[in-house]
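Subject: Handover of a structure

Dear colleague,

Please find below the structure that I am handing over to you.

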Amino acid sequence: MFALGGPRHASGVRILVVEDERRLAELLKDGLTNEGFAVDLAHDGREGLWMATEQPYDVIVLDVMLPSLHGYEVCTRLREAGNWTPILMLTAKDGEYDEAEALDTGADDYLAKPFSYVVLLARLRALMRRGGRERPTVLTVGDLRVDPAGLKCSRGDIQIGLTPKEFAILHCLARHPGEVVSKSELLARAWDFAYDGDSNVVEVYISALRRKIDKPFGRTSLTTVRGAGYRLEA
Ligand code: CA
């Protein structure tokens with residue numbers, strides 16, 4: 001296995017740090033390398049997702065606010081692909097993002113910035129001791145079941161086939177049942193932040209979802225809140 005104690009001891013443990021603040025990334029790399037870990041750096045979400053997919057890591061340190069692909073999105077995509085490498089998410093402390101959301105997307109732990117390096121190290125060691133485990137967060141809204149690990153959706157006993165985009169939108173809505181989710185938030189989650197196309201595309205997918213998750217079952221669970229967004233009711 002790996003050495004939990006000895007500093008400057010080659011442990012065989014590989015850590016991926018996805019952090020766009022270069023100085024912080026280098027500091028983390030230096031510190032963790034000194035602990036005997038092999039550390040790779042990625043400086044944006046896309047690069048991080050690619051590296052985490054291509055290489056086996058023992059643990060991933062993942063910043064939330066990242067260029068090209070948001071940390072939540074990186075986490076969600078890894079989990080959807082069945083990658084359960086333990087993830088410690090670095091959240092911003094400004095309250096813009098709910099820390100519980102980090103865990104919803106499949107992160108194993110989170111640490112709010114600014115953090116103490118000693119605490120980070122302790123959390124990483126705890127995660128590595130626990131190891132990767134399959135922990136798909138299956139969401140249920142009434143009798144609607146949304147399984148992000150298998151990209152599966154069902155109502156009651158009936159399986160519903162969704163496209164990846166439809167699934168991404170439904171997943172976002174199902175994470176906040178009974179709450180209004182804005183069109184821009186759905187756009188940001190289901191598409192890249194860089195998407196600058198027509199936001200009406202969301203409506204197209206909402207209509208498609210209604211035809212699949214509601215209409216055949218005589219339901220109206222997916223409602224439009226005029227001028228605000230959409231809501232998924234139980
Ligand atoms: Ca950042």
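This is a predicted model: local features need pLDDT of at least 70, side-chain atom pairs count only at pLDDT 80 or more; totals for chains, interfaces and linings use all residues.

Calcium site

The calcium ion has three protein donors, namely Asp-20 (OD), Asp-63 (OD) and Met-65 (O), which lie 2.1 to 2.3 Å from the ion. Along the chain, the donors follow the spacing D-x42-D-x1-M. Distant parts of the chain are linked in this way: Asp-20 sits in the loop between β1 and α1 (22-34), and Met-65 in the loop between β3 and α3, 45 residues apart. Asp-20 is partly exposed, with a relative accessible area of 27%. Met-65 is likewise partly exposed, at 38% relative accessibility.

Helix α2

Helix α2 spans residues 45-54, and its buried residues are Gly-45, Gly-48, Leu-49, Met-51 and Ala-52. These residues lie on the same side of α2, because they cover an arc of only 165° around the axis. Trp-50 and Thr-53, on the other side of α2, are exposed. The packing partners of the buried residues of α2 are β1 (14-18), β2 (38-42), β3 (59-63) and α3 (71-80). At the N-terminal end, α2 is capped by Asp-44, which has a side-chain oxygen 3.0 Å from the backbone nitrogen of Arg-46.

Nonpolar cores

The largest nonpolar core comprises 25 residues, and those with the most contacts inside it are Leu-170, Leu-173, Leu-186, Ile-206, Ile-213, Leu-222 and Leu-232. At least two residues of this core come from each of β6 (139-141), β7 (144-147), α6 (164-174), α7 (183-190), α8 (201-214) and β12 (229-232). The largest share, seven residues, is supplied by α6. Leaving aside residues up to four places away in sequence, the contacts of Leu-232 include Val-141, Leu-144, Leu-170, Leu-173, Ile-213 and Leu-222. Another core, of 20 residues, lies apart from the largest one, and Val-13, Leu-24, Val-39 and Leu-124 are among its members.

Cysteines

How many disulfides does a search of the whole structure find? The search finds zero. A disulfide is a covalent bond between the sulfur atoms of two cysteines. Cys-75 is buried, with a relative accessible area of 0%. Cys-153 also counts as buried, at 1% relative accessibility.

With kind regards

Key. Residues are numbered from 1 along each chain as its sequence is written. Side-chain values use heavy atoms; hydrogens and water are left out. Buried means under 20% relative accessible area, exposed over 50%, partly exposed in between (1.4 Å probe, protein chains only). Helices (H or I, at least four residues) and strands (E, at least two) are DSSP runs, numbered from the N terminus. The arc is that of the directions from the helix axis to the C-beta atoms. Contact means heavy atoms within 4.5 Å. A polar contact is a pair of N or O atoms within 3.5 Å; within protein, one must be able to donate a hydrogen and the other to accept it, and residues adjacent in sequence count only if both atoms are side-chain atoms. Donors are N, O and S atoms within 2.8 Å of the metal (3.2 Å for Na, K and Ca); water is not among the atoms, so sites may look incomplete. A disulfide is a pair of cysteine sulfur atoms within 2.5 Å. A nonpolar core is a set of buried Ala, Val, Leu, Ile, Met, Phe, Trp, Tyr and Cys residues joined through side-chain atoms within 4.5 Å.
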